[in-house]
Amino acid sequence: MKKITVLFTLFTALFTQAQDTCGTAVAITAGTHVVTAVDGTELPPSICAANGALGTDGAAEWYTYTPAQNYTIILTTDIAANTPRVDTRVHVYTGTCGALTCFAGDDDSGANYSTVATFNVTAGTTYYLAWDNRWTNAGFTFQLSENPIVVPPTTPVNYTAQTVASINSGYNICVVDMNNDGLDDIVGVSTGSLKVHYQTSTPGTFNIVNYPFSNVNFYPNWSLAAGDYNKDGYNDLMLGNGQGISVLTSSNNGTAYIGYTPGQYIFCQRTNFVDLNKDGNLDLFSCHDINENVYYLNDGAGNLTYYQSNVTPGAMNLSSGGGNYATLFTDFDNDGDSDVFISKCSGPPCQLIRYDGGTTYTNVSALTGLNVTPIQTWSSGIADFDNDGDMDVIITASAGLHKFFRNNFETTGTLSAFTNITTGSGWDTNTSVNIDNIAYDFDNDGKVDVLGGGNKIMFNQGNNTFAPISYSGIGVGAVGDLNNDGFLDIQTGSTIRYAVPNGNNWIKVRLNGIQSNSNGIGARVEIYGAFGKQIRDIRSGEGFRYMSSLNAHFGIGTNTAITQVIIRWPSGIVDTINNPTINQRLDVVEGATLANTTFDANAMSVFPIPAKNSLTIKTKEGYTAVSAEIYDLNGRLVLASEIENETLSIQSLNDGTYLLKVKDNNGNIATQKIVKN
């Protein structure tokens, strides 16, 4: 009996000491592993986690891992098994015991100082993993995940850099069409002067015009946005400054600009033009770094009224707390309205706020799971990265780790929890951080890429994976087609990087709103073909700082046809263009596919709205309304009728929002959105 007890004691000692030294390290494979306590007897030979010193009492737990093939490994304690998260540190070595060399490691990259180490491994090589007790002897659980290595593609698109010495304004952060000819121009702002490099019909050449202005107190040291908020057909500018905003408003057919500084203090970060209440007028929005976000409502007559979220009585709920660095207004729930994603810095989690009609915005950050913390980000990449018809989010870090979330609306039919698909996407191994990150299809292959830090573009490979391609000196700037060849160019300071066409086909879409704002900001553009479906939302203000083209750009790779383009306007009007010609710009006027000729909508009065059984349609002198057609928001004709005694019966319609098309006695047509309930 004594002999059995001794053997049992010896066996137990061997078992509990099996990972206490390098020589007795336990071999593990991918999966979850429990460390009962950090009480080993051999200290790691060196620090691989780049933080602090080694523990003084020599405790560590040792493991070995030998992959069967090349992988990207994620070694982490930032998992649900550790709730709350634990403060851990790991060192990864190659070599042999007594002659180990640091290979990787991590200390505090996960939540609550937990560990997230990401590194590539080679098949057949043995790696030593040492968890030390620098901070605690307590046990924990760690997970080792094996992910396929994303092989970088051959260079998808090349760039030719050109220095343009005349791009020398104080702030050169905007590329947008300024003379309403459909071509992107370069906009520079200096004290008292607006300089525009107008793109000419000769590729790569510009006509330079300077416009003096006054009454501008704040200049865009943080951001700039463009949009036609006074609806004269020419873009106005919103200048974001650490003290507040100023506005440059176009006049005299875009040949003069009037400065205006409202005067409210705003620690302004990202600026946007956006129709916040869907009245057809662009409003002015500003992130506020140290307080709730602010905006100026536009009444359509040139009057701007200041509001601060959760402060001004009657203000919309467009933020919760400060740390607001970048806002991207886009439609996350496919209902035709612009919701808003807020990138947060300095501690608070990011926010997604859903637009629910009227002046109602609802914080759905917890519902969608996008309120991850801690993460520090100044901007995020938002696009339909997997081409499944809804907008996904890459929370691109300005410090720490990137996170990639897939929107599941296409499968659930409702705005619900996004899925964190960072692992294996290429974003888990991208260690380059940046304050500015923008999402565009740079190589026209039909998949949206991301330009951020590290002198590289993260090219979308499909299947929710990205691969980096490095370019000398490349960085985030204002984006547009600056030589009208259908490929997106990048302007940073006085340097233009012109994309060299790679043979991929494309289309770009320019919108002209009538009932909606004239830029079509907030509209969704969809294209269809053998490639499937792609979507773009027209947004004023991408990334953190820059203003880029308001044209929607699509690449279609080697496909040679687009079967349909659909524009869903903020007004509810849906325009459909069948079989457009590729490799050109498509110009679309709101409602153009619903009518051949139009008369001024101001000559027609329709009431009541909302209506129950009938509409009264009155026209001014010179017009007589004779017939009407009503379309649903998918563009389907649901009612056609004569108008008798200025009355149109709508009893047969279900409750909802529709587009009314009225024809006068001369065959001219006017359109208006109506609501039945």
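**Entry 1: Pro608**

I looked up Pro608 and found it partly exposed, with a relative accessible area of 42%. That is a value from a predicted model. I placed Pro608 in the loop between strand 45 (604-607) and strand 46 (614-619). Next I listed its contacts, leaving out residues up to four places away in sequence: Pro608 touches Ser614 and Leu615. I also took a distance across the model. The C-alpha atoms of Pro608 and Ala123 are separated by 72 Å. Along the chain, these two residues are 485 residues apart.

**Entry 2: Arg510**

I moved on to Arg510, which I found in strand 38, residues 505-512. Is Arg510 buried or exposed? Its relative accessible area is 18%. The cut-off for buried is under 20%, so I noted Arg510 as buried.

Then I checked its side chain for a partner. The side chains of Arg510 and Asp587 are joined by a polar contact of 3.5 Å. I also wrote down what Arg510 touches, again without residues up to four places away in sequence. The list includes Asp177, Asn180, Asp181 and Gly182. Asn551 is on it too. Arg585, Leu586, Asp587 and Val588 complete the list.

**Entry 3: Aromatic rings**

I turned to the rings. The structure holds 26 aromatic pairs. I picked out Tyr296 and Tyr306, whose rings form a tilted pair. Their centres are 5.4 Å apart, and the angle between the planes is 55°. I located Tyr296 in strand 21 (residues 294-298) and Tyr306 in strand 22 (residues 304-308), so this pair ties together parts that are ten residues apart in sequence.

I looked up the accessibility of both partners. Tyr296 is buried, at a relative accessible area of 3%. Tyr306 is partly exposed, at 23%.

Which residues do ring pairs link into a cluster? I noted Trp222, Phe267, Tyr325, Trp378 and Phe544.

**Entry 4: Confidence**

Last, I checked the confidence of the prediction. The pLDDT averages 91 over the chain. A score of at least 70 is reached by 94% of the residues. Residues 1-17 have a pLDDT below 50. Beyond near neighbours in sequence, I found two contacts for this stretch in the model.

Methods. Residues are numbered from 1 along each chain as its sequence is written. This is a predicted model: local features need pLDDT of at least 70, side-chain atom pairs count only at pLDDT 80 or more; totals for chains, interfaces and linings use all residues. Side-chain values use heavy atoms; hydrogens and water are left out. Helices (H or I, at least four residues) and strands (E, at least two) are DSSP runs, numbered from the N terminus. Buried means under 20% relative accessible area, exposed over 50%, partly exposed in between (1.4 Å probe, protein chains only). A polar contact is a pair of N or O atoms within 3.5 Å; within protein, one must be able to donate a hydrogen and the other to accept it, and residues adjacent in sequence count only if both atoms are side-chain atoms. Contact means heavy atoms within 4.5 Å. Rings of Phe, Tyr and Trp (its six-membered ring) pair if their centres lie within 6.5 Å; planes under 30 degrees apart count as stacked, over 60 as edge-to-face and the rest as tilted. pLDDT is the predictor's confidence in each residue, from 0 to 100.
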